[in-house]
Amino acid sequence: MDELEFCLQLKIEASELDVWLEHGWLEPQGSVGQERFREADLARARLILDLFRNMGVNEEGIDIVMELVDQLHGVRGALKDLIAAIAQEDVMVQRRLLAALERL
């Protein structure tokens with residue numbers, strides 16, 4: 001979706017979206033002025049709105065929360081890759097890994 005559709009769905013002004021883009025809280029695809037927003041951008045924007053409007057979080061707090069969200073997303077991706085790699089191992093290796101995890 002384009003910037004206008006995005007703003008209309010969220011009921012925000014373009015100037016508010018510009019601030020979010022400047023902070024790097026959203027990273028739509030495409031070049032400046034021709035951004036295309038995805039469902040993931042919409043979800044992030046709804047989180048930003050909730051933090052601002054319902055929880056009273058300031059811009060510095062939003063910076064921290066969005067950085068943590070990005071880190072969590074990275075960890076989830078790494079875990080998914082690890083699980084796929086373990087699934088490629090033979091059954092005995094899988095069992096030893098599971099036993100080691102249970103000891104943690």
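Residues are numbered from 1 along each chain as its sequence is written, and side-chain values use heavy atoms, with hydrogens and water left out. Because the model is predicted, local features need pLDDT of at least 70 and side-chain atom pairs count only at pLDDT 80 or more, whereas totals for chains, interfaces and linings use all residues.

**Nonpolar core**

A nonpolar core is a set of buried Ala, Val, Leu, Ile, Met, Phe, Trp, Tyr and Cys residues joined through side-chain atoms within 4.5 Å. Buried denotes under 20% relative accessible area, exposed over 50%, and partly exposed the range in between (1.4 Å probe, protein chains only). The largest such core has 16 residues, and those with the most contacts inside it are Phe6, Leu10, Ile12, Leu17, Trp20, Leu26 and Ile48. Helix 1 (3-10), helix 2 (14-23), helix 3 and helix 4 each supply at least two residues of this core, and helix 3 provides the largest share, 5 residues. Helices are DSSP runs (H or I, at least four residues), numbered from the N terminus. With its neighbours within four places in sequence left aside, Leu17 is in contact (heavy atoms within 4.5 Å) with Glu3, Phe6, Cys7, Ile12, Leu26 and Phe37.

**Salt bridges**

Side chains of opposite charge can pair when their charged atoms come close. A salt bridge is counted when a side-chain nitrogen of Lys or Arg lies within 4 Å of a carboxyl oxygen of Asp or Glu. The whole structure contains 3 salt bridges, listed below.

| Glu16 | Arg53 | 3.7 Å |

The bridge between Glu16 and Arg53 links distant parts of the chain, with Glu16 in helix 2 and Arg53 in helix 3, 37 residues apart. Glu16 is partly exposed, at 24% relative accessibility. Asp70 is partly exposed at 35% relative accessibility, and Arg44 counts as buried at 18%.

**Surroundings of Arg44**

Beyond its neighbours within four places in sequence, Arg44 is in contact with Trp25, Leu26, Met66, Val69 and Asp70. Lys11, by comparison, is placed in the loop between helix 1 and helix 2 and is exposed, at 70% relative accessibility. Lys11 and Arg44 are 33 residues apart in sequence and 15 Å apart in space, C-alpha to C-alpha.

**Largest pocket**

On a 1 Å grid over the protein atoms alone, a pocket is an open set of points where a 1.4 Å probe fits, with protein on both sides within 12 Å along at least five of seven lines; lining residues have an atom within 4 Å of a point. The largest pocket has a volume of about 210 Å³, a volume being the space filled by probe spheres set on the points. The lining consists of Ala40, Ala43, Arg44, Leu47, Met66, Val69, Asp70, Leu72, His73 and Arg76. Helix 3 (39-54) and helix 4 (59-87) each supply at least two lining residues, and helix 4 gives the most, with 6 residues. By class, the lining has 6 nonpolar, 1 polar and 3 charged residues.

Methods:
Nonpolar A, V, L, I, M, F, W, Y, C, P; charged D, E, K, R; others polar.
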